[in-house]
Amino acid sequence: MVVLTFFNHAGGVAKTSTIRDVGFVLAEAGRRVLLIDMDPQANLTKWLGIDDDIDLSETVYPAVLGSAETADGDDAELRLPEPRSVHGMDLVPAHLNIAIIEREILSVFMGVLRLREAVRRVEGYDFVLIDPPPSLGQLSALAVVAADRVVVPLPTNRKGLDGIQTVIKMVREYRKAAPGLDIALFVLTQHDRRTRHDRESHDIIVAQLPSLAAISSPLSSRPAYYSDAQVQGMPIPLYAPGSEADKEIRQVAKELLAALGGWR
Ligand SMILES: Nc1ncnc2c1ncn2[C@@H]1O[C@H](COP(=O)(O)OP(=O)(O)O)[C@@H](O)[C@H]1O
Ligand SMILES: [Mg+2]
């Protein structure tokens, strides 16, 4: 089993979209995939078509802070809840109230390790993919520290370029709590090859990063597909099978497997 957190503290860089779509492709290929939504906005949960009432007990909350039944201070039994099943994947959904974790975890000794420990008690998966919120708060720290490897979505524009140094610095910081943590792959997202700005940003990113980790081929910007797929509650490869968007996602999933090498 490999635990991958898709991390970039910036919002709107396609973390959630890429987890949803790569997770689907891996599951379709017969891999057992668990998705964990760590963003109080719950985009991953909603975009997979789950819009009924989520109870806090179904989220990461009990795995991180315990439930009413768990004795205070006894973290030995903190476990992830029974996941929802969606489009061939399992999902631990999010709820607005997981934002409470940001504050409460601060009073837990070594609290930042709680998700890492809970995820390691999980059995039966090949991939656990974790979707953090767009911030550098405790939810993101929990999510990244839980990972074996980090996947960094980067849009091929100014925002992508500006975020790189902070992402690298933060992964180094989080490594203090998660020895061996490193970046497996930079995934280039929202690429608009028609604009010179995007073509130049793409080339700068590729020139700047090669020694750190593998870089994926770009996922093209396709606003209509992405917003329609969200409304339908479907991953892109399910919403538009055989499309160019679908092919690009499959290519990135393949590149991710290659970047993971021995983990496969
Ligand atoms: N390849 C793409 N083409 C067009 N829009 C995209 C693409 N990838 C993501 N988006 C859109 O960009 C926005 C941000 O993506 P999202 O996955 O929510 O990023 P994050 O999780 O990093 O905040 C969403 O509205 C999404 O639909
Ligand atoms: Mg997101």
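Trainee: Which residues does Ala 178 touch, not counting residues up to four places away in sequence?

Mentor: This is a predicted model, in which local features need pLDDT of at least 70, side-chain atom pairs count only at pLDDT 80 or more, and totals for chains, interfaces and linings use all residues. Residues are numbered from 1 along each chain as its sequence is written, while chains are lettered from A and ligands numbered from 1 in the order in which they are written. Two residues touch if their C-beta atoms, placed from the backbone, lie within 7 Å. With residues up to four places away in sequence left out, Ala 178 touches Arg 116, Val 145 and Ala 147.

Trainee: Is Ala 178 buried or exposed?

Mentor: A residue is buried if 20 or more other C-beta atoms, placed from the backbone, lie within 10 Å of its own, exposed if 12 or fewer, and partly exposed in between. Ala 178 has 21 C-beta neighbours inside 10 Å, and therefore counts as buried.

Trainee: Between which two elements is the loop that holds Ala 178?

Mentor: Elements are DSSP runs numbered from the N terminus: helices are H or I with at least four residues, strands E with at least two. The loop of Ala 178 lies between helix H7 (158-174) and strand S7 (182-189).

Trainee: How many of the residues of S7 are buried?

Mentor: S7 has eight residues and is mostly covered. The buried count is six.

Trainee: Which residue of S7 stands opposite Pro 153?

Mentor: Strand S6 (residues 149-155) and S7 run parallel, joined by seven bridges; pairing requires at least two DSSP bridges. The residue opposite Pro 153 is Val 187.

Trainee: Through which helix does the chain cross from S7 to S8?

Mentor: S7 also pairs with strand S8 (residues 214-215), in the parallel sense over two bridges. The β-α-β crossover from S7 to S8 is right-handed, that is, clockwise from the first strand over the helix to the second with the strands pointing away from the viewer. The helix on this path, residues 196-208, is H8.

Trainee: Which element gives the largest share of the shell around ligand 1?

Mentor: The shell has 19 residues, counted where the C-beta atom, placed from the backbone, lies within 6 Å of the ligand. Helix H1 (15-28) and helix H9 (223-232) are the elements that give two or more residues to it. The largest share, four residues, comes from H9.
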